[in-house]
Amino acid sequence: MADLAHSPVDADHGGASRRDFLLLTAGALGGIGAAIAIWPFIDSLNPARDTLALSTTEVDLAPIQVGQRLTIAWRGKPVFIDHRPPEEIKAAQAIDISTLRDPQKDSDRVKKPEWLVVVGVCTHLGCIPLGNKLGDDRGPFGGWFCPCHGSIYDTSARIRQGPAPLNLFVPPYEFTSDTAIKIG
Amino acid sequence: MAAPPSGAPAGALAGEPAGGLSRLVRWIDYRLPFVASLDHHLINYPTPRNLSYWWNFGSLAGITLVIMIVTGVVLAMHYTPEATLAFDSVERIMRDVNYGWLIRYIHMNGGSMFFAIVYIHLFRGLYYGSYKYPRELLWILGVIILLLMIATAFMGYVLPWGQMSYWAATVITNLFSAIPVFGQDIVTLLWGGFTVGNPTLNRFFSLHYLLPFIIVAVVGLHLLALHQHGSNNPLGIDKRGPQDTIPFHPYYTVKDCFGLCVFLLVFAILVFYLPNMLSSADNYIPANPMVTPNHIVPEWYLLPYYAILRSITFDFLGIPSKLLGVVLSMGSIILLFLVPWLDTSPVRSARFRPIWRWFAMLLPLDLIALGYVGSQPPAGFVVTLGQIATAYYYIHFLILMPLIGKLETPRPLPISIAAAVLGPRVASAAGGE
Amino acid sequence: MARPLFALVWVTLLWLTNPALAEEPPPPPAALHPPHQEWSFEGVFGTYDRAALQRGFQVYKEVCSACHPVKHLYFRDLTEIGYTEDEVKGIAAQIQVTDGPNDSGEMYQRPGRPSDPIPGPFANDQAARAANNGALPPDLSLITKAREGGEDYVYAILTGFKDAPAGFKMNPNMNFDPYFPGHQIAMPPPLNPDQVKFADGTPASVLQMAHDVVTFLSWAAEPTLEQRHRIGFKVILFLIVATGVFYAAKRKIWSRVH
């Protein structure tokens, strides 16, 4: 192989450093170009606009009577909305939270005490607890009962008995008016 | 790391002051010669010093293949291959998936670019005799890649399930009914039903995902065959010694990078400003089995074969024109397999073949004429032009190629590549190594 | 465009599938070539004129939506043509959409939400045909990309209606439009002067409404055009620089061996 390392150009240091600068720029441009080019492919895996459009759900609370419970879908999961009667609210507030597996005050789990909004997915292994339909078994605390492995939730949807480690998750929501909420 | 057996390279773990990286490299290379291969095939690989820009198109084709696979895999994450959902899923990609429009347009126009590059690459091979000894298998593998590309592109075009998708699928699969005796049964087998329908779409999706990886494998063989004897060059003469070659890196790596930038520039203009120029408006109409579009036209890169197919308007020797059309159309590609044996010239490059070079330049014009014929409704002068162009195509390969090779007197070849490039005195001075 | 030779392609196809059937019907008259219009979104730096888009949407809603669906458009897409999220919620809520089934298994109507697709006028193609003398009003979401001539063609159709010339035989329930292949179109002239009262006060001539609705339809077919052009400009600029740099690098490196 002809030894190209001793070609005349190398002796010209100005030429050599100009070549290095050029090569550095070329390499840098190539690298930057490649990095910029990769982003759209990665971002295409993020939720698409139609998925994002369903990321919030608005619920009109007016038709829900006191004592009624409603299940709505939010981001593909069920959300329990409970228009709690005074007995349920009292039962939820009158508990020493240090006895709870996942201690949380009822007031920390609701924005208005007569409305409980929780994601209806058991924190054990993901089944949907019973209690939101008329005639369902609500368990001994009048909340919800998960038939899969027997997790029992109270009227603030906090775990009381059974294998679930955490209370039912409260999704982010806000009242857009006195009778409507926006979840997500 | 465990102590190497006694056959290990000296200094591997003997406390030689080498960096951790080169130790890692040696460890890997001893077990799987990855870096050594890279060096042998891509870095210090001796390449003819006189390659022109016509030699850029091989690496461009490889890069385009990667682009098609990457965009295709991502598109497949969002596409639904079911007849009632496919068209809408593509629209969802265009409108709702982040950068979905970009990935779709790259894939769509990338297909066209891939064929443009491969056709230029192929014509380079024809003009410079790159198919001649000892590169016959290299050429054959290339033609196999072309066939696989055509199959892949055809099936890919069906996937959006637009009007042109559906009807092109109908017309082309119907061609197989020309086969005597079993033709219609074969067509029913291909369709999975009594017309092109959902079963057809699903199997086309599966095969469209599969074939590109088969292409990758054949490209691997193509490169293996190439590296057996190295690249051809514009002079068509073998390398005599090290003075005829330069290392692939940095010379051809930088030249390929420059070529890549030019290609990407053209590609970007297409994708960002003219994304629908090369495709048919009818494919933005959802497939309707009850309504045939006014012109059924394949994508531009299939037009020559379509033109040949339609130019056989008469029966011949008892063979129905439909069958003859199919045979000649597919034959135009199958013929390419025979090129290394059809060409009888002792000289590779058309640069030194004063008569043949004009015909070699005429062939691409003939194919452009065929492409034009394929794009127009088959009537009047267009049909005649197609017939003449088809006739020339076959005459070119079956008659002119063998005949002119024998009859022509080639120009004298240079002594060596180095002599031609550097001048005789420099070449002989450098040649004594 | 090449409609007069539709018959020959049809013949070739028939002949490919059944050679005995080769009978030629007379070729229908060729469509006039649509004249080129000025569009705000043309050219390298073109953008969609937001005011035109909103006027065009109004024309679609008040005129075209009686027969033509735009199934690929969602209400939420309207935020891109200048409406706020609340305005879009309001527009959606004005229209009833079918949802369900409810717990009794019935489908029911409810006010639209931004996440709903804009509902079409007919439940299915058959209902559409039944209401339109057997003709099917095409979906307009992609119409400017689905026709040769694009937006110029659609504009020409909308503004090209005229009385059939003497001696031209019109089929029943058809209307004469020289820009439509065959010159006979099932759609009656949809636009009449001052048919729509534009919110921004622009006088609603037929040409104005046609221009605005075609701008809207172009956006509907290609909502990502502006983003595509913006990114494209930067990419091409980058590539021009990169090409120059790599060319210089190539020349520099190759100077060693030339």
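This is a dialogue about reading a predicted model, feature by feature.

Colleague: Which residues touch the most other members of the largest nonpolar core?

Modeller: In soluble globular proteins, nonpolar side chains tend to be buried together. In this model the largest nonpolar core has 134 residues, and L126(B), L146(B), L336(B) and F397(B) touch the most other members. Helix α5 of chain B, residues 100-128, gives the largest share of this core, 15 residues.

Colleague: What is L126(B) in contact with, leaving aside its neighbours within four places in sequence?

Modeller: With those neighbours left aside, the contacts of L126(B) are Y131(B), W139(B), V339(B), L363(B), F397(B) and M401(B). There is also a second, separate core of 43 residues, which includes L53(C), L140(C), I143(C) and Y179(C).

Colleague: Is L21(B) buried or exposed?

Modeller: L21(B), which lies in helix α1 of chain B, has 64% relative accessibility and therefore counts as exposed. The cut-off for exposed is over 50%.

Colleague: How do I read a pair of charged side chains?

Modeller: Side chains of opposite charge can pair when their charged atoms come close. Over all chains, the count here comes to 28 salt bridges. One of them is between D96(B) and R49(A), with the closest N and O atoms 3.4 Å apart. D96(B) is in the loop between α4 (86-95) and α5 of chain B, while R49(A) is in helix α3 (residues 49-53) of chain A, so this pair joins two chains.

Colleague: Which residue forms a salt bridge with D238(B)?

Modeller: The partner is R348(B), and the closest N and O atoms are 3.0 Å apart. This pair links distant parts of the chain, 110 residues apart: D238(B) is in the loop between α9 (198-229) and β2 (245-247) of chain B, and R348(B) is in the loop between α13 (339-342) and α14 (356-375) of chain B. D238(B) is partly exposed, with a relative accessible area of 40%, whereas R348(B) counts as buried at 9% relative accessibility.

Colleague: Which residue meets R353(B) in a salt bridge?

Modeller: R353(B) meets the side chain of D343(B), at 3.3 Å from N to O. R353(B) and D343(B) are 10 residues apart, each in the loop between α13 and α14 of chain B. R353(B) counts as buried at 1% relative accessibility, and D343(B) is buried with a relative accessible area of 5%.

Colleague: Turning to strands, which ones pair with β3(A)?

Modeller: Strand β2 of chain A (residues 69-74) pairs with β3(A) in the antiparallel sense over 6 bridges. Strand β4 of chain A (residues 115-119) also pairs with β3(A) in the antiparallel sense, over 5 bridges. To follow the pairing, look for W74(A) opposite K77(A) and V79(A) opposite V119(A). The hairpin of β2(A) and β3(A) has 2 residues between the strands, and R75(A) there takes a positive phi near 50 degrees. As for cover, 6 of the 7 residues of β3(A), residues 77-83, are buried.

Colleague: How many helices and strands does chain C have?

Modeller: Chain C has 7 helices and 4 strands. Along the sequence they follow the pattern α-α-α-β-β-α-α-β-β-α-α. Of its 258 residues, 43% count as buried. Chain C exposes about 13,200 Å², and carbon and sulfur atoms supply 57% of that.

Colleague: Where is I185(C) found, and what is it in contact with?

Modeller: I185(C) is in strand β4 of chain C, residues 184-185. At 8% relative accessibility, I185(C) counts as buried. Leaving aside neighbours within four places in sequence, its contacts are I157(C), F161(C), M174(C), N175(C), D177(C) and F180(C).

How values were computed
Residues are numbered from 1 along each chain as its sequence is written. Chains are lettered from A and ligands numbered from 1 in the order in which they are written. This is a predicted model: local features need pLDDT of at least 70, side-chain atom pairs count only at pLDDT 80 or more; totals for chains, interfaces and linings use all residues. Side-chain values use heavy atoms; hydrogens and water are left out. A nonpolar core is a set of buried Ala, Val, Leu, Ile, Met, Phe, Trp, Tyr and Cys residues joined through side-chain atoms within 4.5 Å. Buried means under 20% relative accessible area, exposed over 50%, partly exposed in between (1.4 Å probe, protein chains only). Contact means heavy atoms within 4.5 Å. Two strands pair if DSSP finds at least two bridges between them. Accessible areas come from the Shrake-Rupley method with a 1.4 Å probe; for residues, only the protein chains shown count as cover. A salt bridge is a side-chain nitrogen of Lys or Arg within 4 Å of a carboxyl oxygen of Asp or Glu.
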